[in-house]
Amino acid sequence: MFAVGCGLAATTASCSDFLDILPMNEVVLENYWTQKDDVTSAVNGCYEAMESADVITRMGVWGELRSDNVRAGASVPNEINEILKENLLPSNPMCNWAKFYDVINRCNTVCHYAPQVQAIDPNYTEDEMRANIAEVSALRAMCYFYLIRTFRDVPYSTTPSIDDAQNYVLPATPFNDVLDSLITDLEKVKGDAVRRYYVDDSPNAWQNSSRITRWAVYTLLADLYLWKGDWDQVIKYCDLVLDFKRQQYKEMVEREGTVSNIELFGDIPLILESPLGSTLCGNAYTEIFGQGNSFESIFELYFRPNQNVQNSWVNSYYGNNNNVMGRLSVPDFLMQEVPQGSNSVFRARDCRAYESAEESSSSYAISKYTRTSVTFTTQNIKNFSDTKLVSNRRASSDANWIIYRLSDVVLMKAEAEIERGDEGFTRAFTLINTINKRAHNVTSSTPSVDTLKLDNYINSKADMSNLLLDERQREFLFEGKRWYDLVRIARRDGNNTRLISHATQKYIQDINVIKIKLSDPNYIYFPYARNELKVNPLLRQNPAFNKGEDSELTK
């Protein structure tokens, strides 16, 4: 249901403690929202709610399941299996959005009460208040962004539900109106967001990427403008983030002298697959996904070992006991014959293939996020065993969940350059090739090597666009982005042709039936949950699902 109670904490919360959820009319307000610590607790609660199993699982389900990246693995729950088969029903629990609105309401509540606290607590400065509002405004925008990409039109409000007596039933606001509102909201607060919480060599520097910073706001704005189709704004915000990362790298070199694990690819600093002095690959994976909060991270949800809160989505990548196959697996076409050089997606020396998946009997299991470290070689290989891959597997799902990293910024800028027209093709290719070179371990010692050939793409916008889409698939495999990429392309194309071509690659049965379903522009979104239609008479079901057992709920 859209209306949710406000989250409160009796004491200052850490990033692993959940706030108690109580209706505001059961709390004596004057005993709360009186000092800085109350705001701090509530802000922490916004992050904690985003780490909840209901939210993070849906980030993965909504962004991956319907794409060509995943198929059924072992012991698949029915609600997951039905989505994998493109059998979407409003009764599927994965259509429930309540926890996203819980996060939104927490953020709304902070925005509402923080100015009140600042007015009475001299220890809570105006700058701190503005920074907190910018922080939760970005979290709120992220939640709404997930919702509109998944459901298209959704109820939208920035007013908190703080009283059970309130009538908080709202109709759905159109996709573009919500998108514009999110952009307007973030444009107002972007300059108030914190640049860095700690210096880069501090033990607490992980918070620079596990809390919202100005660079996270800029990246989110770039993504919002990408969906809006404002290419100049996409490039503007991407450049701001890239400039910051260049400055951060420069400071690192000045502070440490030689930086063995990061190198400039063109003018973009990226983590090396093979650190200086090593002949083995896997370093980029280990730092970005294994350790987390890497140099390239912009915003990721933080999970610590031995805590009650786990990354429940990554749980679906794990197998039981000695079996590496989880509830989800990798379609064969993505990994078959990669070492032999015969795969249509990955080339033989693309490190991302070996970092993201592993052979399991006659199938392929997802390994991204499940390992804390990997080392392997891509030299003289003819099969997966030739890589001599050594890895350490996580015992529990404490992997951070990355929402934005530097590769996102590079490839968003490349996409905008392509959409601006012919004059941007060369710049876009250079950006795409930068990401591809790192993945193939091409470094300053081999600067003349190009892993992609400009002449193969430069003469056609369609070829450039498909190259970008393919590179995003390789780079962000299993990171909850692929279905959204396909939906964005379909919206831009004005038809579902490319979406259908990609999404149906994984299917063996019922392909024509699935193609017919996906040809409906309404069907690429999820249906509203059946219980939402029952409690909110102002909602009207997506026409693609307005039939059968749920039709009477929308009349």
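# A guided tour of strands, salt bridges and hidden spaces

Begin by selecting strand 8 (297–301) and strand 14 (residues 401–405): these two strands run antiparallel and are joined by four bridges. Helices (H or I, at least four residues) and strands (E, at least two) are DSSP runs, numbered from the N terminus, and two strands pair if DSSP finds at least two bridges between them. The model is predicted, with local features needing pLDDT of at least 70 and side-chain atom pairs counting only at pLDDT 80 or more, while totals for chains, interfaces and linings use all residues. Residues are numbered from 1 along each chain as its sequence is written, and side-chain values use heavy atoms, leaving out hydrogens and water.

**Stop 1: the strand pair**

Select F299; its bridge partner in strand 14 is Y404. Is strand 14 mostly covered or mostly exposed? Strand 14 is mostly covered, as five of its five residues are buried. Here buried means under 20% relative accessible area, exposed means over 50%, and partly exposed lies in between (1.4 Å probe, protein chains only).

**Stop 2**

Strands of a sheet pair through backbone hydrogen bonds, either parallel or antiparallel. Next, display the open sheet of four strands, whose order is 3-9-11-10 and whose pairing is antiparallel. Its edge strands, each pairing on one side only, are strand 3 (71–72) and strand 10 (357–360). Two bridges hold the antiparallel pairing of strand 3 with strand 9 (residues 328–330). Select R71 to find S329 of strand 9 opposite.

**Stop 3: the largest pocket**

Rolling a probe the size of a water molecule over the atoms shows where empty space is left. The search uses a 1 Å grid over the protein atoms alone: a cavity is a set of points where a 1.4 Å probe fits but cannot get out, and a pocket is an open set with protein on both sides within 12 Å along at least five of seven lines; lining residues have an atom within 4 Å of a point. Grid points are joined across faces, edges and corners, and a volume is the space filled by probe spheres set on the points.

Select D200, Q248, N293, S294 and F295, which lie nearest the centre of the largest pocket among its 26 lining residues. The volume of this pocket is about 500 Å³. Which element supplies the largest share of the lining? Helix 9 does, with six residues. By class, the lining has eight nonpolar, ten polar and eight charged residues. Ala, Val, Leu, Ile, Met, Phe, Trp, Tyr, Cys and Pro count as nonpolar, Asp, Glu, Lys and Arg as charged, and the others, Gly among them, as polar.

**Stop 4: the enclosed cavities**

There are six cavities of 30 Å³ or more. Select R149, D223, I403, Y404 and K481, the residues nearest the centre of the largest cavity, which has 22 lining residues. About 210 Å³ of space lies in this cavity. Strand 14, helix 13 and helix 16 are among the elements that each give at least two residues to its lining, and the lining divides into 13 nonpolar, one polar and eight charged residues.

The second largest cavity has a volume of about 120 Å³. Of its 14 lining residues, E273, F289, R352, E355 and E475 are the closest to its centre. Helix 10 gives the most to this lining, with four residues.

**Stop 5: salt bridges**

Side chains of opposite charge can pair when their charged atoms come close. With a salt bridge defined as a side-chain nitrogen of Lys or Arg within 4 Å of a carboxyl oxygen of Asp or Glu, the count comes to 42.

Select E415 and R488, whose side chains meet in a salt bridge (3.0 Å, N to O). E415 lies in helix 13 (residues 406–420) and R488 in helix 16 (residues 482–493), so the pair ties together parts that are 73 residues apart in sequence. E415 is buried at 2% relative accessible area, and R488 is buried at 4%.

Finally, select R58 and D54, a salt bridge whose closest N and O atoms are 3.5 Å apart. Both residues lie in helix 2 (residues 53–64), four residues apart, about one turn of the helix. R58 is buried, with a relative accessible area of 7%, whereas D54 is partly exposed at 35%.
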